[in-house]
Amino acid sequence: PDRMALLIIENENMTTGEWLKRSASLLWEDICAWTIYIFHWLLAHWPFGPIRTYPPTESANFAVINNERTRLNTIARKRKEGAWRVGLRWLCLVLLGVTVAVLYQCLHGSMDIIDEWKFNLLHGYMASGQYGTGWIIQYLIMTGLVGAAGLMALYEPMAAGGGVAEVISFLNGARPMNLLGYMTFLFKAIGVTLTVAAGVYVGPEGPFIHLGPIAG
């Protein structure tokens, strides 16, 4: 009622086009508000148990102590390590690089397979002249993929987002809960594959910065 009263008052000084534009704007605001309400209701009545949440993590900026004594102590400590420890460290770094590269190729290949299937399906509908049906099914598939990726974040909140800030906080001394857990790795890998394959304007770069330390 308040919306209708507002439109009636504004209608006195509006043209038909302006009134229709204003009506569409108010309708879109109502749709967004109801969408948020339904989303919160679903979270409150989630049928598969309570939604997992983690407390926020904070960390101070890491400052390197740069002075002559620290530099000399670092050089002396590296000399005492021995060649075998240095070689072992480089071997671990090489193995980690190979592991992340193989992981990237596997996930990127999965993205390509889903993407190719999605567009081949669209091409089939377009070739048969069913343009509207093809685009509707295309958007339904994209919505389903994004929704499935969102479920990954509901089951494991640490899998949400890029993970770069969390990794930085870990390097600065903080210990975010389950940051390097195997479930985080699994759900984040599935989530980034589905999200990128859906065609959303996101990339796998940030999540792979998070997946790399977990693989290490």
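1. Aspartate 115 is partly exposed, with a relative accessible area of 28%, where buried means under 20% relative accessible area, exposed over 50%, and partly exposed in between (1.4 Å probe, protein chains only). Lysine 118, by contrast, counts as buried, because its relative accessibility is 2%. The side chains of lysine 118 and aspartate 115 meet in a salt bridge, at 3.4 Å from N to O, the term being used for a side-chain nitrogen of Lys or Arg within 4 Å of a carboxyl oxygen of Asp or Glu. The structure holds one salt bridge. Side chains of opposite charge can pair when their charged atoms come close.

2. A word on the source is needed before going further. This is a predicted model, in which local features need pLDDT of at least 70 and side-chain atom pairs count only at pLDDT 80 or more, while totals for chains, interfaces and linings use all residues. Residues are numbered from 1 along each chain as its sequence is written, and side-chain values use heavy atoms, with hydrogens and water left out.

3. The secondary structure of the chain comes to eight helices and zero strands, where helices (H or I, at least four residues) and strands (E, at least two) are DSSP runs, numbered from the N terminus. Of the 216 residues of the chain, 21% count as buried. Among the contacts in the chain with a separation of 6 or more, 69% are between residues 24 or more positions apart, a contact being heavy atoms within 4.5 Å.

4. Helix 4 covers residues 83–127 and includes leucine 88. Lysine 118 and aspartate 115 also lie in helix 4, three residues apart, which is about one turn of the helix. An α-helix has 3.6 residues a turn, so residues three or four places apart point the same way.

5. Which residues form a nonpolar patch on the surface? They are Trp84, Leu88, Leu91 and Leu95, with about 460 Å² of accessible area together. Patches are made of residues with over 30% relative accessible area and no salt bridge, like charges being joined within 9 Å and nonpolar side chains (Val, Leu, Ile, Met, Phe, Trp, Tyr) within 5 Å; accessible areas come from the Shrake-Rupley method with a 1.4 Å probe, and for residues only the protein chains shown count as cover. Leucine 88 itself is partly exposed, at a relative accessible area of 42%.

6. Helix 5 (residues 131–155) has 25 residues, which at 1.5 Å a residue should span 36 Å, and this agrees with the 37 Å between its end C-alpha atoms; the expected span is 1.5 Å times one less than the number of residues. Gly134, Gln138, Ile141, Leu145, Ala149 and Met152 are buried in helix 5, and what covers the buried residues of this helix includes helix 4 and helix 7 (182–198).

7. A search of the whole structure finds three aromatic pairs, meaning rings of Phe, Tyr and Trp (its six-membered ring) with centres within 6.5 Å, where planes under 30 degrees apart count as stacked, over 60 as edge-to-face and the rest as tilted. One of them joins tryptophan 135 and tyrosine 139, whose ring centres are 6.3 Å apart with planes at 35 degrees, so the pair is tilted. Another joins tyrosine 155 and phenylalanine 187, with centres 6.1 Å apart and planes at 20 degrees, so the pair is stacked. Because tyrosine 155 lies in helix 5 and phenylalanine 187 in helix 7, the pair ties together parts that are 32 residues apart in sequence. Phenylalanine 187 is buried, with a relative accessible area of 14%, whereas tyrosine 155 is partly exposed, at 36%.
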